[in-house]
Amino acid sequence: MAIRANPRLVEELEHYGAEDVAKCYHCGNCSAVCPFSREPFLFPRKSMRYLQMGLEEKLLGNLEPWLCYYCGECSEECPREAEPGETMMSMRRWLTSRYDFTGISKLFYRSWKAELAAILLVALLTGAGFLLFGFRWGGGHLGVYAGEGAFLTTGAVHVFDWILGCVLAAFLGINCARMWWFSIGKDRTLRIPPLAYLRQAFLLPVHFFTQKRYAECGKKRPWAIHLALMLSYTTMLVLIMFFLHAMHSERTVWAAHGFGYLATIGLLGTSIYALRGRIRKEETHYKHSHETDWIFLILLVFVAGTGILQNVLYRVFHLDVAANVVYVVHMMGVVPMLGLEVPFSKWAHLAYRPLAMYFSELQAEAIRERERAVAAAGAPLPA
Amino acid sequence: MGVPKKIGVYFCQKEAALPMPVDWDAVAEYARGLPGVAHVEVRSPRPAPDPEVLAHEIKKRDLKVVVVAGDSPGHFKPAFTRAVALAGGEPTEVRLASFRQHGAGADDGTERAKAVVACAVHGVPFGLAASPRPTAVNPATLVIGGGVAGIQAALEIADAGQKVYLVEKTGTIGGHMAMFDKTFPTLDCAACILTPKMVAVGQHEKIDLMTYAEVQDVAGEPGAYRVKVLKKARFVDPDACVACHACMEVCPVAVPSEFDGGITTRKAIYMPFPQAVPNAYLVDAAACTYILSGGKKCGACLRKCAKELIHFDDRDEVVEIEVGSIVVATGYDVFDARRIERYGYGVHPNVLTALEFERLTNASGPTGGAIVMKTLRRNKRTKQDEWVFDAEGPRPGSVAIVHCVGSRDKKYNPYCSRVCCMYSLKFAHLVKEKLPDAVCYEFYIDMRAFGKGYEEFFERIRLEEVFVVRGRSAKVVEKDGRMTIKGEDILKDRLVEFPVDMVLLSVGLEPACASDRLAGILGIDRDEDGWFRETDYNIDPTGTERGGIHVAGVCQGPKDIPDAVAQASAVAARVLKSVVSGRGQGSRASLTVEEIESRARALAGA
């Protein structure tokens, strides 16, 4: 199979945050110190090679960036200070933009101004939409937060959430299918039996809910932070999609609200920790920040902060007008975050990471099988 | 000259290069005032010069000559040559003004850069216009450092009948080479080559050998230097000592032996090694019980010496000598392997540095040349267990050799130490020669076998069934009770993990620790890595900015024995040229920019 080299690939990746790829002289130090790197997926050195040589196709089908959790050991030990860890991060951004068929992701990653403008636009539209809805079809009275005659009825918001969720799932689903095609489907040399897909399917929830490979890193704190953030986010998502009535009810339903408060603490704590880390730049994985990292974190703090604020205003201070206003503002953060960040930007890795763990295990199995077959064919026949 | 030529001066900076300490705007301003200069432009690193755009500009401004100035302008020459050709000009009229090549690295870098640009504008080689004024020369020469380079330079000059003072910091001459077992790639016995030269130095009537001495101060002018040398007290008269060893046998103090790379001990009264020159004992004042106690304790050697040569009332003395030329050959220190924790040096007993292995495998070493692993032994005196080499100790079944330890690494030394690849291959050969059944792994990044017979030596190692792994090993760990070395084999696309009995760290070379002080004393410059800076890397690799002061050997930059010897001989020729002709070189720094410019103008007009 002929492989086309793209001499401008490094230049392209630079838009996604890659630095100094040319510095790498392939000593293999990074792959050997990496706690996640193991056969048949040795990274980051090989990915650096693909990049230097402009092997775009190879890189596109490469799942290794997703197997990297950026613990930073490779960058700390790199004798050339070529920042392999950050290069892997930029490859994840690039892959995200390539998996996305709409091209929106590419636009966002290459221009933070475009991303910010899109977020602001969607926020304004959302705000206008909710206000319009509230005054026109809702209770019409800004002074009622919940129950009879509420400004925003739970049922309507719930329907809106589900419509938004389905649209996002469709986008993300198509992108995930593209990821499968680039990494597995297109590669005719790999034979993966359909049953293997079923057999290994358990990997998806395992990696999603435990992030267990991250725990293999020498430092445990980044894993704990990452897991707390992810679980808080998922908890909140479940509460909103399935238990919105309980969340909106006039009295406090502790079975739902308890989880809600925990998730809020998790979201605010971890995202503020990450923001502080990125400002201080003491830990290797926080040293380099792409504009999208800042947007992502600020948006997260904004959404979690307004979310808890409207709750407190309503439940503690009984200020229904203020709670309604903050709720609309909250939604102005939620909709762009879910609508733009999930399918087109950093949030997408929530889906891609566990998928990559799953796909890579399938690949590894197929590679091992192929090697066994080659070894068997090459071995002398028994006399 | 007729109509003044229209000259364009372009300052070009390479991206991501370490800049020289030059104020570009000041130099550009100066260039504008030079005769014939019609256009001056300071370009930013990006975008790279595009010949077609440049050609358009050159044509528009009607430039006849283009001067490309910068730290390394040669990089941009092709683009400008093409641009001039496209503009219909004479492609040969592209001149370079290289700040790096002409030593604009010192504090007065801006002034030097101006002079370099002026010479290029006038079309006169910088070396010609800025050749220092000749001086009278005192025929005596001082050589600092008694390693192989210093010995070679001293012998060459002295053999020509000229006076040489050789100052050596330690108690003997010989330097690092005396410690080595074999040389690469010829596998000659290093001591067999060096010791006759050392003896020749010791016996030469024209060489005044001052060991255990340091240069303290240098005054005077090129051609007439007055040097103060601190001769530290040896406490034993080197001319009368017959090296009967009686004193050493009774000395109760044991300290790590410098000569054996610390793998054995020596006494407080010691001779660095049996073939030392001068072949005489000296006392280590920092370790001697008698000296440390102010004469109250010990004194065993004093009573034992039959010739009564030990004088504890010896004091350091300062002697002043007058010389015309100074040869700096102070060599190097090796990289401290403890700085890279993941290789476990100092943690695992059988992780050795290169110098330690040189001594271990040397026939005059502690095991008589047998390659053995360290064994744990109880020290009777200190009542502590310690790891020592015992000639009867277990032989290693597997040895890993790690290249580039502390070299080519931005965290330690960014440069290539140039000798490690070859001595590592030599180690692999010695291991296979002495222990044919041992497995030997060689971890390298790039194999730099660049000299005569070196590539062939590499081939030979492969035939000797050494496992050569391309990929720098990442770490040495303890696994299942065995020392294990990990790395990536980038050619096989495999992570490798070998259990090994011994790891040899090919540590790089570093400027000797005192070279900073010495540079200050001599008034010469050091480059960004700390090596002494030569006048011109290409065509004057032995001269320095200060007239009459020359550099030889590794102190100018990492090099192997043949190169160090060649450079030392070259220095000797330089010194002898000035002595024989009676005309030495002054310092270039004494020339002002105006002087150089007017000389260049005169030369161009002639």
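In chain B, four strands form an open sheet in the order E2-E1-E3-E4 with parallel pairing (two strands pair if DSSP finds at least two bridges between them; strands, E, of at least two residues and helices, H or I, of at least four are DSSP runs numbered from the N terminus). The edges are taken by strand E2 (37-42) and strand E4 (94-98) of chain B, each with a single partner strand, so one side of each has no neighbour in the sheet. Direction ignored, neighbouring strands of this sheet are turned against each other by 20° on average. Helix H3 (residues 77-86) of chain B packs on the sheet, where it touches strand E3 (65-70) and E4 of chain B. The direction of H3 makes about 155° with that of E4(B) (axes are lines fitted to C-alpha atoms, for helices over the stretch in contact, and angles run from 0 to 180 degrees between N-to-C directions). Five bridges in the parallel sense join strand E1 (residues 7-11) of chain B to E2(B); B:Val9 has B:Val40 in E2(B) as its bridge partner.

The model is predicted; local features need pLDDT of at least 70 and side-chain atom pairs count only at pLDDT 80 or more, whereas totals for chains, interfaces and linings use all residues. Residues are numbered from 1 along each chain as its sequence is written, and chains are lettered from A and ligands numbered from 1 in the order in which they are written.

Chain B contains 16 helices and 30 strands, and its C-alpha atoms fill a box of roughly 90 × 65 × 40 Å along the principal axes. Of its 606 residues, 47% are buried (20 or more other C-beta atoms within 10 Å of the residue's own, with C-beta atoms placed from the backbone). An automatic or database assignment divides chain B into domain 1 (7-130 + 593-605), domain 2 (132-232 + 316-331 + 512-590), domain 3 (233-314) and domain 4 (335-509). The C-alpha centres of domain 1 and domain 4 of chain B are 48 Å apart.

Helix H15 (residues 561-581) of chain B has 21 residues and should span 30 Å at 1.5 Å a residue, which agrees with the 30 Å between its end C-alpha atoms (the expected span is 1.5 Å times one less than the number of residues). Among the buried residues of H15(B) are B:Ile561, B:Ala568, B:Val571 and B:Val575. The cover over the buried residues of H15(B) includes helix H6 (148-159) and strand E16 (325-328) of chain B. After H15(B) comes B:Gly582, with a positive phi near 75°.

Chain A is assigned domain 1 (9-99) and domain 2 (104-365), with C-alpha centres 27 Å apart. Their contact takes 26 residues from domain 1 of chain A and 31 residues from domain 2 of chain A (two residues are in contact if their C-beta atoms, placed from the backbone, lie within 7 Å). On the domain 1 side, H7(A) gives the most, with seven residues. Within chain A, helix H9 (residues 112-136) reaches 35 Å from its first C-alpha to its last, close to the expected 36 Å. The buried residues of H9(A) pack against helix H8 (104-110), helix H16 (291-315) and helix H17 (320-344) of chain A.

Between the chains, 15 residues of chain A are in contact with 16 residues of chain B. Helix H2 (residues 29-33) of chain A contributes the most to the chain A side, with four residues.

Technical notes
Buried ≥ 20, exposed ≤ 12 C-beta atoms within 10 Å, placed from the backbone.
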